[in-house]
Amino acid sequence: MHLNYLANIGRYIPEVILVLLMVGLIILEATYKEDEKNRKYIFIATLVGLVATLGALIANMSGKAEAIFSNSIIIDQFSTLIKMVMVLGTLAAIYLSRFSKDIYESLKTEFAIMAVGILIGGFLLASANNMLTFYLGIETLSILSYVMAALKKNDQRSSEAGLKYALYGGISAGLMLFGMSHIFGVLGTIQFAGVAKMIPTLTSAQLAILMPSFVLLFAGIGYKIASVPFHMWSPDVYEGSPTPVTTFFAIVPKLAGIAALIRITAVFFVVDSPMKIGWIGLLIVISALTMTVGNVTAIGQKSVKRMLAYSSISHAGIMLAGIVVINDVGIRSVVFYGITYLFMTLVAFYITSIVQDKYGNDHFDRFSGLIYRYPFMAVMMAVVMFSLTGLPPLAGFVAKYNIISSLINSKNYALAIVLGLNSVVSAYYYLKIVRLMTLKPQESNEEIEGFGFLNQMVIVSMTVPVFVLGIFWETIMNLAAGAKLFIQ
Amino acid sequence: MAYDILLTIMTMVFALMVVFSKKTVVAAFSLLMTLLSIAMIYFQLGTVFLAAIQVLVNAGAIAILFVFVMMLINLEQFQNNRERSKSKLIISILTTLIILGVFSLIINNNIEVLSAVNISDNSMKTLFDKLFTEYYLPFEMATVLLLAALVACIVITGSEKGIKQEQEKLQENLNE
């Protein structure tokens, strides 16, 4: 049995590489001399490690789905695909951190270490199959996130963001554990599959105990993906953190949370039961609220970063709407949405970060007349904004269309209508940037150093998928459709 | 049975004192006592190992850490003067009612709490057998979590000299 247990490590290579990478980076960071050249080696080591992880994930993709480590971890196509998206997000955030002036030069290697640590947590969360690994994933993700948010040590807002994040995070983790302990107490198992087996046959008393417990369980995940009653921390943290950190937060923890939520929903609530009705009802209400609150609050923002923070809340709401449809079509559309969301968010944050580095703030006015100075970048930003709004023929349109169509197929008309209306609202603030960039005269004629040739190429290469996924979306859609959940 | 009731009352009283006491030191001491009485409840239930861990980790380390921190900082700025508002009161009453309802359901319906865990069989050998076979991965991942927390601590408390210089340089660049 022990040998079998260890043999499972063959399917767990991506995580092993990440842990080794993290430990290796800590040793490197502790021993190197502080000069520019050595720092470059650490950066290269991080990139190599992450690319190796990506390679291992691609190799895992073709293997058959199975539950490993006595059923505590599930390696399936779904989790592997989500992990790949997370690795790409981390790669991009670390690359952005290299030239961003928002992170102190001496803390850049720490940023890389912590990003890898958070990625490990995200990996655990994406393939967790019992409540223990699930909690460990959330906690690894959270503890490092708190510090990451407070990375600008001498900045008051950054420290405030870190403290706020830590306090809210501690409370929500406590609530979640309370709910989990009730689930374990009543059902006597921490395995997701074991819980799922008992859910349809609950007595009414058990049901009355478990209903609040599941709400508490949702609180833990809802906090991580910043869905509405638990979103209060999100704009402050996103605005206070350095921009590369914000980029990272908008992608990795959010997608990990979404993945865990998909797995829980798909495992627990397959068979009809009163619990399922309650959970889906909860998801519908929270999804509609998340979209609306995120969008409506984004309208009045002056800072582009804060606007993107609220917009990412509303995108989490849209992904929640996809989870409401618990079947293959719903999961497929959420995975596809996650992939497109990655590229759109990255480009928007990259450009914002570079503009912010130049002027020291990221107000909307800083984007005025960008098209006269950097026409290429302005066009890229405009493309991404159109895509985030959901206009054809861009990736955002296909992603949103898929979620709406799966909602309509499963007769969730109300939620589909809310989603459609929200897209209209979001057009206002997304297109505001486009209007400023193209119609307003430029504020100054200075050169923005961040838009060097290499960075422009990187940004362009990240925008290309937004075009390609909008027109030739079948390949990725098939990939997403192949990303089936394995339930055991 | 008498012991059970006594311990329960003790835990409740101390827990309430944590929340309602005006002085921070008293609150911290009550927290320590709450954790100790919970340890005694574990002992009463026959889970000796859990009781020992509770005393060592929660009461011994964490509560003492609280008191220690209080010694180091100026206490007067942390007076326990929370504001009382109507909405807070309503929410706390509602929460209490829900939790009481859940507990009464558990007791009234004889729901077999923790049927999966055989309480009498809690020798350390069984526990660690499980920990190093079935739950080895979570155990290892907990070490990664601790490593992450360590890194986090170092980053938070690390030297700020270089950072200050950098910040000044950045500010100068912006002013130009």
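Predicted model: local features only at pLDDT ≥ 70, side-chain atom pairs only at ≥ 80, totals over all residues.
Chain A contains 20 helices and 2 strands. Its C-alpha trace extends over about 70 × 55 × 45 Å along the principal axes. A compact globule of 488 residues would have a radius of gyration near 23 Å, and the 22 Å found for chain A agrees with this. Of the 488 residues in chain A, 57% are buried. Among contacts in chain A with a separation of 6 or more, 79% are made by residues 24 or more positions apart.

Chain B has 7 helices and 0 strands. Buried residues account for 12% of the 176 residues of chain B. When contacts in chain B between residues at least 6 apart in sequence are considered, 56% join residues at least 24 apart.

Helix α7 of chain A covers residues 156-187 and has 32 residues. At 1.5 Å a residue, this helix should span 46 Å, and its end C-alpha atoms are 46 Å apart, which agrees. The residue that follows α7(A) is Gly188(A), with a positive phi near 75°. In chain B, helix α3 runs through residues 48-72 and has 25 residues. The distance from the first C-alpha of α3(B) to its last is 34 Å, close to the 36 Å expected at 1.5 Å a residue. Helix α3(B) also has a kink of about 30°, and the kink is centred on Gln54(B).

Several loops of chain A have backbone angles that deserve a separate note. Most residues other than glycine have a negative phi, and most peptide bonds are trans. Asn71(A) has a positive phi, near 65°, and is a residue other than glycine. Asn71(A) is placed in the loop between β1 (66-68) and β2 (73-75) of chain A. There are 17 C-beta neighbours inside 10 Å of Asn71(A), so this residue counts as partly exposed. Lys411(A) is not a glycine either, and its phi is positive at about 65°. This lysine, Lys411(A), is found in the loop between α17 and α18 (413-439) of chain A. Because Lys411(A) has 9 C-beta neighbours inside 10 Å, it counts as exposed. A further case concerns the peptide bond between Pro392(A) and Pro393(A), which is cis, with omega about 5°. Pro393(A) belongs to the loop between α16 (375-389) and α17 (395-409) of chain A.

Ile408(A) lies in helix α17 of chain A. With 14 other C-beta atoms within 10 Å, Ile408(A) is partly exposed. Leaving aside residues up to four places away in sequence, Ile408(A) touches Tyr413(A) and Ala416(A). The C-alpha atoms of Ile408(A) and Val267(A) are separated by 23 Å, and the two residues are 141 apart along the chain.

The contact between the chains takes 41 residues from chain A and 34 residues from chain B. On the side of chain B that touches chain A, the elements giving two or more residues are α4 (86-108), α6 and α7 (161-175) of chain B. Helix α6(B) supplies the largest share of this side, 13 residues. By residue type, the side of chain B that touches chain A divides into 25 nonpolar, 5 polar and 4 charged residues.

One residue of helix α6 in chain B was also examined. Glu140(B) lies in this helix, which covers residues 136-157. Glu140(B) has 13 C-beta neighbours inside 10 Å and so counts as partly exposed. The C-alpha atom of Glu140(B) is separated by 19 Å from that of Ala152(B), 12 residues apart along the chain.

How values were computed. Residues numbered from 1 in each chain as written. Chains lettered and ligands numbered in written order. Helix = DSSP H or I, 4+ residues; strand = E, 2+ residues; numbered from the N terminus. Buried ≥ 20, exposed ≤ 12 C-beta atoms within 10 Å, placed from the backbone. Contact = placed C-beta atoms within 7 Å. Nonpolar A, V, L, I, M, F, W, Y, C, P; charged D, E, K, R; others polar. Expected span 1.5 Å × (residues − 1). Bend = angle between axes of the 7 residues up to and from the residue. Rg over C-alpha atoms; globule rule 2.2 N^0.38 Å.
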